Amino acid sequence: MIPSEKYINDTQLEHFVRDDKFLDISNELVFTINKYFDKGANFKFLDIGCGDGYLGDKILENYPHSSGCFLDIAKTMIEKNKKKERKKLILGSVFNLENIFHDHEKFDVIAVNMLLHHCVGDTYKKSRENVNLILKSLKPLLSKDGKIYILEQVYDGIIMPSITARLIYGLTSIERPKFLVRLLYSLGANMAGTGVAFASNNQWCRTFHQLDYKVKLENIISIDNHSFFRRSFLVMKSSYEKLFILSSSSK
Ligand SMILES: C[S@@+](CC[C@H](N)C(=O)[O-])C[C@H]1O[C@@H](n2cnc3c(N)ncnc32)[C@H](O)[C@@H]1O
């Protein structure tokens, strides 16, 4: 069953168009893949929530024998993708993977970059359950030594680690009055009116553990610099972009 989810509108999707400011992040991803595959390796990857394809394209460029499936739910983002050899574009939802890949197709690398926090439900709890559903649905798609690369924005709260993520969810999920949504948007909440469900490092580690994934690597890629006002308002200890690499512990 496909859970209820809220869709990101086209204005909000514009925030996800990547340019060379993201070179560091894509280099980090490519560098990490390097730990497992050499340049000539012939591997298959799946980029879920690929956006404009910037990060996946870097994998294709750096590994000339790799091939990738790029999947996104937004037609506007699929259309922003460059057409390339060895690249297959799929318009579809991460909640429908078992119907999209029914031929027991397997992937050596599954990239889930900045997607999971957008799979929001009607409550914060349901949003986290959506993440569990997604991560469970990835297991059958992994090849024997396959790995899932999850790049996420992590928020750690003061005293209660999940408090900042829950506050951000609460604020960005407000749909009315419209002036409040516009105010939150102007204060930097790009997903105001739609909702975004981040999590703390503790929450991520617990989720992976509960789903029986092995965390092979954890790497903080960049640390955010927030004002004192924003940190106090959101009861925030720190926020950063982190890459988690998982493998299925049953293999
Ligand atoms: C923050 S962008 C990240 C894009 C890309 N991964 C990157 O890091 O540049 C999130 C992307 O996830 C897509 N998305 C949101 N919900 C989705 C879903 N249920 N299934 C597939 N893609 C989804 C959005 O359309 C958007 O392109």
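This is a predicted model: local features need pLDDT of at least 70, side-chain atom pairs count only at pLDDT 80 or more; totals for chains, interfaces and linings use all residues.

Reply:

Phenylalanine 70 stands opposite leucine 89 in strand 3. Residues are numbered from 1 along each chain as its sequence is written.

Strand 2 covers 67–72 (strands are DSSP runs of E of at least two residues, helices runs of H or I of at least four, both numbered from the N terminus). Five bridges join strand 2 to strand 3, and the two run parallel. Strand 1 also pairs with strand 2 in the parallel sense, over five bridges (strands pair if DSSP finds at least two bridges between them).

Seven strands form an open sheet of mixed pairing, in the order 3-2-1-4-5-7-6. Strand 3 and strand 6 (213–223) stand at the edges with a single partner strand each, so one side of each is left without a neighbour in the sheet.

Follow the chain from strand 2 and you trace a right-handed β-α-β unit, made of strand 2, helix 4 (residues 75–80) and strand 3 (right-handed: with the strands pointing away from the viewer, the path from the first strand over the helix to the second runs clockwise).

Helix 3 (54–62) is the other neighbour to look at. Its Tyr54, Leu55, Gly56, Asp57, Ile59 and Leu60 are buried (20 or more other C-beta atoms within 10 Å of the residue's own, C-beta atoms being placed from the backbone). The buried residues of helix 3 pack against strand 2, and also against helix 2 (23–34), strand 1 (44–48), strand 3 (87–91) and strand 4 (107–113) (contact: C-beta atoms, placed from the backbone, within 7 Å).

Of the 23 residues around the ligand, Gly49, Gly51, Ile73, Ala74 and Asn113 come nearest (a residue is near if its C-beta atom, placed from the backbone, lies within 6 Å). The shell has 15 nonpolar, five polar and three charged residues (Ala, Val, Leu, Ile, Met, Phe, Trp, Tyr, Cys and Pro count as nonpolar, Asp, Glu, Lys and Arg as charged, the others, Gly among them, as polar).

Terms used: A residue is buried if 20 or more other C-beta atoms lie within 10 Å of its own, exposed if 12 or fewer, and partly exposed in between; C-beta atoms are placed from the backbone. Two residues are in contact if their C-beta atoms, placed from the backbone, lie within 7 Å.
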